[in-house]
Structure formats: structure tokens, C-alpha cells
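Visitor: I am new to this structure. Please pick one part and take me through it closely.

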Amino acid sequence: MVTFFIALAVLVLGYLFYGKFVEKVFGADPQRATPATTMADGVDYVPMKPWRIFLIQFLNIAGVGPIIGAIMGAQFGTASFLWIVFGSIFAGAVHDYLAGMISLRDKGASLPEIHGTYLGKGAKQIMRAFTILLMILVGVVFVNTPATLLNANFTQGWNPYIWVAIILAYYLIATLLPIDKVIGKIYPVFGILLLGMAVAIFIAFLIYKPEIPELWSGLQNRHPVAAHNPIFPMMFISIACGAISGFHATQSPLMARCMVNEKQGRPIFYGAMITEGVVALIWAAAAAYFFGPDSVVDVTGKSGAAIVGVIANTWFTPVIATITILGVISAAVTSGDTALRSARLIISDFLHFDQKPIKNRLMIAVPLFAVTAGILIYSLADAKGFDLIWRYFAWANQVLATVTLWAITVYLAKNKGKLCYLITLIPALFMTMVTSCFLFVAEAVGLGAFLPRPVGYGIGAAITVLCLVIFLIKTKKHTTI
């Protein structure tokens, strides 16, 4: 477990030192007025206490990503620990912080508006549609997952569509109500519950002292079907929210509209991502034991959600195990509703549709939920349908992170100078390579079943180099990319 504790320490040090450096690069100004004070509307622009915003941001971005994603990523071995740690510090937290702060400086602008400002009008139109689609997919995934878990663990005789209807009804209410009425009041409690689950597993480590692979044991691919799942790029797509996630940047504007001081940005945006990295590291370490030869339970072929139940029921008392499973369910539910809330705000931003009147919110929310329900019915009707949606959701999530990193890089190049933009240029190039290679290397959802793997990597590298060349040319000309 030495590797685990070293990784944990590095995450904390990353927040204390690299997070401070990134804040200095941006130039957070505590005297600058924020949208929460200059544009307060009682619905979306609502000042809130910093600790409350942190817990809401943490819960919004977490979902089941740092749990299910980390568990499935742990199949690849100790390389997953490295990606969670260094991905969180140098990519995910930087992405979340700068996206949130740029939004804060631009009246709480939604993510596609930021893309448009720094990548051009064409990119804005494309990313509006792409981001809304991703938010709908998040809503679908985060209705399906908790509904399935609730039915499997607590109401086995029920029709699963009952839970689907209940969760969707709640999503609609939470999407329509002012942010401080539901999200602001109960989400901090769920955030504490999610953190409590991670602490419980950490304590279980100290009690049971499970055999977890160490870094010096090697970085070899330990995936049960390693031949068809290379670490690059598959692991980097599997572990999304635990290292970097485009979904996070869609949530940051929600909280940017509630902050009253720019200095709150580092603990709220950078800090929430590092906290999520800690949660992901704990779940990955736990899963690494259950995937290993010393496990007391065979988890071969089990889904990530099923392994959550195995970990909880093996290490905890029935009461704590139940609380743990409920915590996973609440994490999914509270990300699903904020995803659809983000979709409503993105649509209202580009339509310039005032969201203070409830009828205006309904005019956007009703068709949005109708589309979500239609895709959801398809995903529940066929297990393969859900698998397909999940894979494309995971890839689309990382594509959004990549595009956002490029937009932030342009912002830094224009406003902070050449050396400063390196902090996002390097992650942008890496994620471009990851998402491009996935299309041409992955066998299940990409072209990997038809293309030789070296060719797939070559195409991904060519796309990455092309993006770099375009960026350098456009930056040199001082024009918008």
C-alpha cells in the first residue's frame, strides 16, 4: 500500500503548490466584482457560502465517474494510479479551475460561449450542439444507473420504469427551481456522504491491509482482455472524472454564478477536482485488490456498479454497506439533474431567453426532457443499447475536455503570454492524442477492428500534430482560432 499513500500525498501537494501556481498565472483578483453580485436574479445568479459551493461543485462533477470509472480503470494495473494523480493535478484540476474562472470573468458564461469566444463562431455552434447532446447523455446514464441500482438492491419486485419515472420527475423539479432551493440546500449533505464513503474505504484499508499492486511491481497491462484493451488510449477514456472530464467544465459556470470572490476559485474548482482525484484513487486501490489474486471474492465479468456492492458488502457491516450503495446512487442522481440544468442554461444563453419567468424555463425544459426520456427508454429496452450509449458518452466527455483545453490555451496565449499557455497546451495535446487514437484503435466503438493498431496510432498522432500546427500559426498571427 506504499504506492497508494505516496499517491495520496502527491495529490495534496499538487493542490498546495501547483494549484497556487495556476491561480497566480490566471491572476485571481479578490477586489473584482462577480456576476453573483452584479447580476443576481434569484434563480441562477445567487450568492452562496464558499463551503456550500465547494460541496455542490464536488458533488456535481463527481457523479459515478470517480467510482465506476476508477474501478474499471483499475483493471489496467498500477498505471491507473499514475493517471489519476498526474491527470488530476496537471490536466483535470487546471481544466476545471481555468474554465470556471474564465466563466466568472465573462458574466458566468456557459461553456459553448467560452468556446466561441476563443475558438471562433463555427466552433461555438458545433460545441453548443455537442455539449447539449453530452448533457442529455449524462442525464440518460445518470437515470439508468441509479434506477438499476435501486431496483437491484432495494425493490427487486418493482418494474424499473417506476424508479426511472421518479428520478426523471425529480430532475425536472431540480432543473426548474432556483439553484438555492434544492441544489443549494441538500447537495452539500450528499457531498459529505460521498466523502464519507471514501473515508470508510480508507479506514477499511487500515483495518484489512489488502494487498494492492505497487508501482515498482511494473506498469504492465493487467486487464483481463489486455490484447484488445491497450492502456493507451483505453485506460484514459475509462478513468474520466477521476482525472479529467469535459463534463466538469459544464458545471463550473453554475458555481461561477454563485461566487462572490475570485479567490474562492482555487478551493472550489481546483480543490474539488483534487478531492475527486482522492476519491477515485481510493476506489481504484480498493478495486485493484478485488481484481488481484488475493481477493476473497471473484469479480470476473462483473460491472463497475456490481463491484461497488461487492466492496461494500465484503468490508462493511450491512448498515454501512447500504449507506455506501445509497451514496453511489445519490452521486449519480445529483450529477444527472445538474447536467440537464446546464443544458437548459446553454440553450437559454444562445437563444437569449430570460430564465427568471418559470414559463420560460418550462419552454426549454419540457422538450429537453422529452428527448432525454426517449433515449432513456431505448437504453433500458436493450442492454446493448445502454452499453453503446455509455461508450459514446465516455468518449464525448473526453472530447469536450480536449476542446475546452484548447479554448483555455488560446485564452492564455492572448492574455498571459507564451510560457503561461504551456500549462494547458501540453494537456491539450495529450488529450487530443487520446481521443483521436480511441477512434482508430478501439475495437468495440472505433475502427480498431479494421485498422492495424500502428496505423490507428499514426492517424491519432497526425491529428495531434495538425492541431498543434494550426494553433501555432493562428497564435502567431494574433487571430482567433
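Guide: Take the lining of the largest cavity: 5 of its residues are nonpolar, 3 polar and 1 charged. Here Ala, Val, Leu, Ile, Met, Phe, Trp, Tyr, Cys and Pro count as nonpolar, Asp, Glu, Lys and Arg as charged, the others, Gly among them, as polar. The model is predicted: local features need pLDDT of at least 70 and side-chain atom pairs 80 or more, while totals for chains, interfaces and linings use all residues. Numbering starts from 1 along each chain as its sequence is written, and side-chain values use heavy atoms, without hydrogens or water.

The cavity holds about 70 Å³ of space. A cavity is a set of points on a 1 Å grid over the protein atoms alone where a 1.4 Å probe fits but cannot get out; lining residues have an atom within 4 Å of a point. Its lining is Ser110, Leu111, Thr250, Pro253, Leu254, Arg257, Ser342, Leu345 and Ile346. Helices are DSSP runs (H or I) of at least four residues, numbered from the N terminus.

There are 3 cavities of 30 Å³ or more. H3, helix H7 (121-153) and helix H16 (383-415) give two or more residues each. This lining has 7 nonpolar residues, 4 polar and no charged.

Look again at Ala62 and Ser335. Both belong to the contact (heavy atoms within 4.5 Å) of H3 with H14. Leu59 and Asn60 also take part from H3, with Ala331, Thr334 and Thr338 from H14.

Terms used
1 Å grid on protein atoms, 1.4 Å probe; cavity = no way out; pocket = protein on both sides within 12 Å on 5 of 7 lines; lining within 4 Å. Points joined across faces, edges and corners; volume = space filled by probe spheres on them.
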